[in-house]
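Visitor: I would like to learn how to read a model of this kind, feature by feature. Could you take me through one, giving the general idea and then the case at hand?

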Amino acid sequence: MLDRTVAPPVQPLARVTLPVADVSALLSGARLHVLANAAQPVVRLQVVFRAGKTAEHQPGLASLTARMLLEGTTTRSARQIADEVAFYGASLECDAGYDRSTLTLYCLTRHLPALLPLVIDVLTHPAFPKSEMEQLKTRTIQNVRVERQKTSFLASERFNELLFGSETPYGRPFDSDAYQALTAEEAKLFHQAAYAFGNAEVFLCGDVAAERELVAAAFSVVPPGARHAIASPASSVANISADDFVLPPSRVVVASSLQASVRMGRSWPAPTHPETHRLKLLVNVFGGYFGSRLMRNIREDKGLTYGIYASVAPRELGANLIIGTDVKGESADFTVSEIEMEMRRLQEELIPAEELETVKNYLLGKFANELSTVFEQCDKYKTLVFMNLPNNYYTDFVQQTEAADAETLRELAREYLAPDAMKVVIAGPVDGPMD
């Protein structure tokens, strides 16, 4: 009879190899990346442009332009676009991130030929209708106003400002007045420059064997005025450093709140760093999963929070470590001191072998689970493309994670988890200087 009190044996992860993408250069200058998998009759088409915050000349322009693409073209209204997508049971979205903007289509494979002209129309002939733009700006400003009543939003906003600087794309806070002042003409000019097909990476994955040529032909056409992409204003910035900026004290007072949000962190090595995989393991020991040091201390032992995390945000121009949690206002300073204590423990003590093995198994198992669908495999592949990583990056991740030892992790903690190197933000009811 099965003894459920005994955990099943852990099997080592076999070497993981991502499917090889079929990459081709199109006449427009775009690159088409195809990952075919016929397991399900579905397809995902993503068109990615260097049109994120790092490319905008005015604050908020990248986000506004991306969201306006679905608000109407010269031949379709926003309602017609939505109705056509819904008719085919598809999903079409456009989002702007820090570095890039992405238009994403999910649909059944058989519907891709019918939906592809819509995608091209949205990308090449947006109308930027003024009435829809004004409504969108009003909704966005109202949403941010609501979010700024939350300590978690305020802490994250101040943390990014403190870490990267208020004048950089990664640290610049949302400016309602600047956003309201944006015009349709400015969005059109940004679209013409940043959404040129010569500036596009096209990712087609799923059951796509018969649709590749159709997509290649559609994105080989050079729309008028979009033959050459304009370089991003931030493209010459090698790295956005947290050490170049000095900002006011790291408290955001929210007098009416009983809760405080804590954000801590620092600049972090890029994924190309030779120690990146062992650093990932170290961060997971520290606060990367439910059984981490921070969870055991701050949640389980002290009962100060429902959850606390530590993770790395790898952006193209600068990565950072972030530690975050929400606690009672009177517990915020004590929480910071306990987080710093856990950093010192990792600097002073060797991680026990059983704990280290548990975290390795968790990390590798989570990685294997993240490759279960072709869409997830494509996401991993996109990371290689945009972060300029070698093809053996994930193979090295598995090998170096398995081989990592406690002594090496302690040395990395001494270098990268020093409490004095951390930026600290507390948003909550308590005023005054940090202890």
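Visitor: Which side chain does Arg263 join in a polar contact?

Guide: A polar contact is a pair of N or O atoms within 3.5 Å, where within protein one must be able to donate a hydrogen and the other to accept it, and residues adjacent in sequence count only if both atoms are side-chain atoms. In this predicted model, the side chains of Arg263 and Ser156 are joined by such a contact of 3.1 Å. Local features here need pLDDT of at least 70, side-chain atom pairs count only at pLDDT 80 or more, and totals for chains, interfaces and linings use all residues. Residues are numbered from 1 along each chain as its sequence is written, and side-chain values use heavy atoms, with hydrogens and water left out.

Visitor: Is Arg263 buried or exposed?

Guide: Buried means under 20% relative accessible area, exposed over 50%, and partly exposed in between, with a 1.4 Å probe and protein chains only. Arg263 has 7% relative accessibility and therefore counts as buried; its place is in strand S8, residues 259-268, where strands (E, at least two residues) and helices (H or I, at least four) are DSSP runs numbered from the N terminus.

Visitor: In what order do the six strands of the open sheet stand?

Guide: Strands of a sheet pair through backbone hydrogen bonds, either parallel or antiparallel. Two strands count as paired if DSSP finds at least two bridges between them. Here the order is S1-S2-S6-S3-S5-S4, with mixed pairing. Strand S1 (22-25) and strand S4 (91-96) each have a single partner strand, so one side of each is left without a neighbour in the sheet. S1 pairs with S2 (residues 31-36) in the antiparallel sense over four bridges, and Ala25 stands opposite Arg31 in S2.

Visitor: Which residues touch the most other members of the largest nonpolar core?

Guide: In soluble globular proteins, nonpolar side chains tend to be buried together. A nonpolar core is a set of buried Ala, Val, Leu, Ile, Met, Phe, Trp, Tyr and Cys residues joined through side-chain atoms within 4.5 Å. The largest one has 52 residues, and those touching the most other members are Leu45, Leu105, Leu123, Tyr195, Leu204, Val215 and Phe219. Helix H3 (residues 112-124) gives this core its largest share, eight residues. Another core, of 51 residues, lies apart from it and includes Leu321 and Met343.

Visitor: What is the mean pLDDT of the protein chain?

Guide: pLDDT is the predictor's confidence in each residue, from 0 to 100. The chain has a mean of 91, and 90% of its residues reach 70 or more, whereas pLDDT stays under 50 over residues 225-238.

Notes
Contact = heavy atoms within 4.5 Å.
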